[in-house]
Amino acid sequence: MSKKPIIVFEGIEGSGKSHHIRKIVSFLKKNKIDFIYLREPGGNLNSEKIRKLILSKKTKFQPKTDLLLYVAARNENISILKKNYKKKIILIDRFVDSTVAYQHYGMGLNINFINNINKFVLDRLKVDFTFLNVVSEKNMIIRLKKRKRLNRYDKFNKNFYKKVQKGFIKMAKKNPKKYFIVNSNLEIKSNEKLIINKVKKLI
Ligand code: TMP
């Protein structure tokens, strides 16, 4: 595997993925290791504009519109990704698997279309490794309640997130060498250690 991998963090709301990315970011900074970090949707100026459009509580788009906007936001990150591909470690908070999990497994849109449009946008870019954070329904609800600001995608019913998480797990189990499933219901400190140790091996 490349020593400048693309490492993605995935998981449903309240699964703790953003917490763990922050920990990796501070580990890399502390050790003066060069990297870039992006979140999706978002990551750069244009992409963040699209993020606002999709996730605003005032928005009411059709699922297909959401799909096209998520992919459009991704496309705005591609030149940054290509510029740094294999040159720097790339950390991404959500990527193509989120589109399959939310728009296909959650919303029922056609998986072949989603895979094809992702391929079209990604071109030769490939994710090297994914940390999938999974959380119980109970903990997800507790963590969402604690959030001060909820966006449009934080407000679906619990069955939606169940379907999305099942989809993520299905993808991870299909390709176990490229995924690490983090059980976010366990002690956060021990998960931090597990993730850092894995990242050290990947880089
Ligand atoms: P987050 O940045 O707080 O995780 O919120 C982003 C939301 O967007 C989250 O609910 C997942 C959703 N999403 C999709 O539905 N499809 C996608 O392709 C991506 C990247 C995110």
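Visitor: Which helices and strands each supply at least two residues of the lining of the second largest pocket?

Guide: Strand 1 (6–11), helix 4, helix 5 (111–122) and helix 7 (158–174) do. Helices (H or I, at least four residues) and strands (E, at least two) are DSSP runs, numbered from the N terminus. A word on the source: this is a predicted model, where local features need pLDDT of at least 70, side-chain atom pairs count only at pLDDT 80 or more, and totals for chains, interfaces and linings use all residues. Residues are numbered from 1 along each chain as its sequence is written, and side-chain values use heavy atoms, leaving out hydrogens and water.

Visitor: Why is Asn 191 called buried?

Guide: Buried means under 20% relative accessible area, exposed over 50%, and partly exposed in between (1.4 Å probe, protein chains only). Asn 191 has a relative accessible area of 4%, so the word buried applies. Its place is in helix 8 (residues 188–202).

Visitor: What makes His 20 a residue that Asn 191 touches?

Guide: Contact means heavy atoms within 4.5 Å. Not counting residues up to four places away in sequence, Asn 191 touches His 20, Val 182, Asn 183, Ser 184 and Leu 186.

Visitor: How many residues of each class are in the lining of the second largest pocket?

Guide: Ala, Val, Leu, Ile, Met, Phe, Trp, Tyr, Cys and Pro count as nonpolar, Asp, Glu, Lys and Arg as charged, and the others, Gly among them, as polar. By that rule, this lining divides into eleven nonpolar, four polar and eight charged residues. Helix 5 gives the largest share, five residues.
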